[in-house]
Amino acid sequence: MLSKKERQAINIICKGGDKISIKLEAAKISIFICNYLNDYPNEDLYLKNIKYPTLKKIKKYLEHYMHNTPKKIEMPLPNKDFKDCIDEWDYDFINCDTETILELMIAANFLDINSLLDLTSAKIASLIKGKNSEEIRRILNMENDIDECDEIEEQANNNKNLME
């Protein structure tokens, strides 16, 4: 095994057994990975709860920001057009389907990558801003678990808010 100083990357084995190698300098953006490396400097990291495509996208994010800090995202979003609220690279990176965004959000939270968590949260916020509960459930692919009485009350509240 290599000593801590000689090691240039960490191997991460994800759900399904696929392995991805991330440069140490980039991987240390993740507080979780940084702590893991402090405890197990020469070991591979097994992340059975993260799919390979998600981890591959996270690697792209980490290696992009390895030498620079991501721009802080102003919250609440100051503009209706999400593209105007973030850097162009971030916009291109996060411009993907909702399922991928949600998987990135969960992984960013687990891996403690705050800037990626902020980006995914802002993207979801931009997708659901101004939408009613039915539209939000459709966007997030959630089933309606509200009973009929609550649904009627919710529709009445939505109608009342529209009248104001």
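This is a predicted model: local features need pLDDT of at least 70, side-chain atom pairs count only at pLDDT 80 or more; totals for chains, interfaces and linings use all residues.
Local features require pLDDT of at least 70 and side-chain atom pairs count only at pLDDT 80 or more, while totals for chains, interfaces and linings use all residues. Residues are numbered from 1 along each chain as its sequence is written, and side-chain values use heavy atoms, with hydrogens and water left out.

View 1. Strands β1 (residues 9-15) and β2 (residues 19-23) run antiparallel and are joined by five bridges. Strands here are DSSP runs of E with at least two residues, helices are runs of H or I with at least four, and both are numbered from the N terminus; two strands pair if DSSP finds at least two bridges between them. Ile13 has Lys19 of β2 as its bridge partner. Three residues separate the strands of the hairpin, and Gly16 in the turn has a positive phi of about 95 degrees. In a regular strand, side chains alternate between the two faces of the sheet. Buried means under 20% relative accessible area, exposed over 50%, and partly exposed in between (1.4 Å probe, protein chains only).

**View 2. The largest nonpolar core.** This core has 41 residues, and Ile10, Ile12 and Leu119 have the most contacts inside it. Helix α5 (residues 98-111) gives the most to the core, with six residues. A nonpolar core is a set of buried Ala, Val, Leu, Ile, Met, Phe, Trp, Tyr and Cys residues joined through side-chain atoms within 4.5 Å. Leaving aside residues up to four places away in sequence, the contacts of Ile12 (heavy atoms within 4.5 Å) include Ile20, Ile22, Ile33 and Leu55.

**View 3. The aromatic cluster.** Ring pairs link Tyr61, Tyr65, Trp89 and Phe93. Rings of Phe, Tyr and Trp (its six-membered ring) pair if their centres lie within 6.5 Å; planes under 30 degrees apart count as stacked, over 60 as edge-to-face and the rest as tilted. The structure holds eight aromatic pairs. Tyr65 and Trp89 form an edge-to-face pair, because their ring planes lie at 85 degrees, with centres 5.6 Å apart. Tyr65 lies in the loop between α3 (52-64) and α4 (88-94) and Trp89 in helix α4, so the pair ties together parts 24 residues apart in sequence. Tyr65 is buried at 6% relative accessible area, and Trp89 is partly exposed at 26%. The Trp89 and Phe93 rings are stacked, because their planes are at 15 degrees, with centres 5.2 Å apart.

**View 4. Lys57 over Phe93.** The charged end of Lys57 sits over the Phe93 ring, 4.2 Å from its centre. This requires NZ of Lys or CZ of Arg within 6 Å of the ring centre and within 35 degrees of the ring normal. Phe93 is buried, with a relative accessible area of 1%.
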